[in-house]
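Please open the structure in your viewer and keep the selection panel at hand.

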Amino acid sequence: MSHLLKLLTGPEDIGRSRWFWAAFVAVCVFLFVYPFWLSEFEATNNAYYLLNVPIALGLALLWGYCGILSFGQVAYFGVAGYVYGIVSGNMIGNAAGPIVGSLCGLAVCALTAAIFGYFVFYGRVQNWIVPILTLVLTLLLETFLGQTAGYQWRVGTVQLGGYNGMTGIPAFQVGQLVVTGYSFYYYVLIIVVVGYLSLRVLVNSQYGKVMLAIREDPIRTELLGYDIRARQLVVFVIAAVFAGISGLLYVQWGNYITPSQVGLLQASLPVIWVAVGGRESLLAVLLSTCALNWLNYTLSSEGYQYALIIIGVLLVTVMLFFPDGIIVTLARELPKRGWRALVGLHKGKAG
Amino acid sequence: MDSFATIVSILYQFATNGAFLLLSALGLIVILGMMNIINLAHGELMMMGAYTASIAWHRGVPFWLCAILAFLVVALFGALLERTIVRRFYGRELGALVVTWGISLILSQGALTVFGPFLPAIPIPGGSIALGQYSFSVYWLTVIALACVLIAGLWALYNYTTFGLQARAAMQNPAMARALGVDTGRVYMLTFSLGAGLAGFSGALFAPTVSIAPFMGQQFVAPAFITVVVGGATNVIIGALGSSLLLSLIKTPIGFVFGAFVGTVALLLAALVIIRLMPDGVSAVLQRLIDRRNRFA
Amino acid sequence: MTDPILRTVGLTKNFDGVVATNDVSISVPGGELRCIIGPNGAGKSTLFSLLCGIHRADAGRVLLKGEDVTRLLAFQRVRRGIGLTFQTNRAFHRLSVRQNLDAVLQIMRADRPADADQRYRFALDRFGLDPDSEMLAKELPHHRLQWLEMAMVLAAGPDIILLDEPTAGMSTEETLQTGAVLKHLNSSGLTIVVVEHDVAFVRDVAQRITVMHQGRIFAEGTVKEITEHADVRRIYLGQA
């Protein structure tokens, strides 16, 4: 138990002091209690800001801690969502449907990632190839799903729906409890907190420390006796599964999914959330994802086009002036230099 | 007589696919080979070229001039991008990827906001030539010829001009090149500009064949990236040529039987297999063959 | 007669037409401290990369403790007991000393020699490395950075280590100290092969010297034999 505690509070993420953990617990308690003051609609909205956290955390793990940039995490988001829709849609009336559907969704994510990862990591390709091929994969998935309109495109009783997407996806269900509204909020909150803490344990573990070494210098790490290909593959699959978790939460929230969820614009979002927060810290990414999702939602009420331009500008600005991410840079510099930390920050290390 | 026409038709298919891949990827490869940067705004630069062509054409400018104009406008824009943003990311490949993606978001969304969802189309210039039961588009034949001319022109540029020499020096060893008096900053800017201009030119060439919309660049992104990945960065010209030919060899029969989309999927699968066998791309393999031949010459 | 711990047979490697190593056959008995010297471009670093599996040889075989490892990948060879430090320091510069040393803790081999742990701790102690230090590796003075990489390689408990110019850039003091540590490690049974240019260092630590020149083994012998070898002088100083 004390070993687990040590892993939890390890140095590979922001925040180690008692004050930090006290604040963390306080925020968690607040988040649990907060819905009593909210309507069901507002609670579900807040859940929406949270459900994108897993995919961002997975990308942070992959990119920030292991040095592998994937532009196509949303492909696994979509795969999980569609597979869940197909499986649980065919099992309507069966209370185990959603659970089976969720497991299938995550399993297919893991399998797809494993196959793709095998070709990429065991081929020892150059670093820039991974972002390109993952992007291509998700674009092709979008094109494929987009042309599945028509009755012949169905699995069992569930239609894929082409560009209009799949509708009528069942909510998650545990026994007789259908998870919507308030219960959905708690469901997402628990998953996010547990997910974050598990990844925190992972990065502080021995396995996590070797990930850092692989990020820094793969050849040196291999020459210490590690099979880096296998480890990169494992981290890639973990990131895909976390992306899939977000996908599941999304369809269980909105009961629909369209091919645009795996398209170019959507694919850019996790990269933006992670870059803005700071890819080398899980906590920074958790915070930035919630904040940016809230921002996106608020801005799109004004007009979707402008929201994306603003986000594009934000990305470019952050890459120029806060290459390590806003939250990570502040967390590193404020303790050292106070407000003067905000000057001369573009000398960080993106890449 | 009929089988001759069939053979010509097959060659035509093969050449059109190859030209499509080559032109889609050319701007990207030029930049990659020089600066190890993948420009994710590539699709949007092509879109910009198409937009320039459409606007110019609908003001009465002859099409061939529209294409040249597209090259110039986008090349200028590329120089601007390089000066202000891209040059801060040399040596930081992944950072460059992310920032060019941000730029692509701004450009595509910006185009939507400023110009609306569509620009008026350009009809395909030229008619068609009939041979047996097949008809071949004069326009595509011209595009194929243009692709050959472009690649030959780039070859000449890199191997027979001072700029080309300086560019190759900067590619191989920037510090040494600088020590010898090469202004690498200028070389990088001109190269990025050239790559952007080529993207704009390709976009203008493809404009009559697609609908001209803010996200039109997307359809070229997947094929372009696959071509670049298979080509590799060792030798820009050879990689581009070898890769488009190889991939066209794969796409043409599969696309013919199963349709264009399956053809593109086959390209991705082929790319995965090819990089497993040749991690540094076709250009690395071809470069080694050339070196070996030179040694024993 | 036990197998030499490391043996190569006819190792040859081309890089795009340049012959880096040409039919190199060496044999290192267990427990020896061997120095490899030779003018720049002689193929010493290439030989190391071939031994470890960073590059695949075009011809020839590598035998580690009697086993043919030529077809094995780098990490598989390391797991069989060989370690390497690079000519340009490759400790993890952006990570702290603690993170550098933490990264190696997972590769304690099942069949590590019994005194592997002892050697590692000895190196940490004599090299003045603090496994809890949060100082970034790149902030270490150069010699300590070199020592850090050496300690990391020792953590895996290798039976033989290859050091590529470990004392380059070190002062005389630091070179002497490195030599002392290496000799002590060697006396505990660790086989060490060092590529070096520093003549005093070589004289101090070597039990046997191999001279390479233009990709081939040029000469081999004891310190006395090599330092008095007229041809060795010639290749270093040019035709007299």
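Two strands are said to pair if DSSP finds at least two bridges between them. Helices (H or I, at least four residues) and strands (E, at least two) are DSSP runs, numbered from the N terminus.

This is a predicted model, in which local features need pLDDT of at least 70 and side-chain atom pairs count only at pLDDT 80 or more, while totals for chains, interfaces and linings use all residues. Residues are numbered from 1 along each chain as its sequence is written, and chains are lettered from A and ligands numbered from 1 in the order in which they are written.

**Stop 1: strand 1 of chain C**

Select residues 6-15 of chain C, which form strand 1. Strand 2 (residues 18-24) of chain C pairs with strand 1 of chain C in the antiparallel sense, over 4 bridges.

**Stop 2: the six-stranded sheet of chain C**

Which order do the strands of the open sheet of 6 strands follow? The order is 7-8-9-4-10-11 (chain C), with mixed pairing. Strand 7 (82-85) and strand 11 (216-221) of chain C stand at the edges; each has a single partner strand, so one side of each is left without a neighbour in the sheet. On average, neighbouring strands of this sheet are turned by 20° against each other, direction ignored.

Select strand 10 (residues 208-213) of chain C together with strand 11 of chain C: they pair in the antiparallel sense over 5 bridges. C:Val211 has C:Ala219 as its bridge partner, and C:His213 stands opposite C:Arg216. This hairpin has 2 residues between the strands, and C:Gln214 takes a positive phi near 50°.

**Stop 3: confidence in chain C**

The mean for chain C is 89, and 96% of its residues reach 70 or more. Confidence is lowest in helix 9 (residues 230-237) of chain C, at a mean of 77, and highest in strand 8 (residues 160-164) of chain C, at 96. The model scores ipTM 0.91 and pTM 0.89.

**Stop 4: helix 10 of chain B**

Move to residues 236-258 of chain B, the 23 residues of helix 10. The expected span of a helix is 1.5 Å times one less than its number of residues. Helix 10 of chain B should therefore span 33 Å, and its end C-alpha atoms are 31 Å apart, which agrees. After the helix comes B:Gly259, whose phi is positive, near 100°.

**Stop 5: where chain A meets chain B**

Finally, display the residues in contact (C-beta atoms, placed from the backbone, within 7 Å). Contact involves 37 residues of chain A and 34 residues of chain B. On the chain A side, helix 7 (129-146), helix 12 (264-277) and helix 14 (304-321) are the elements that give two or more residues. The largest share, 11 residues, comes from helix 7 of chain A.

How values were computed. Two residues are in contact if their C-beta atoms, placed from the backbone, lie within 7 Å. pLDDT is the predictor's confidence in each residue, from 0 to 100. Axes are lines fitted to C-alpha atoms, for helices over the stretch in contact, and angles run from 0 to 180 degrees between N-to-C directions.
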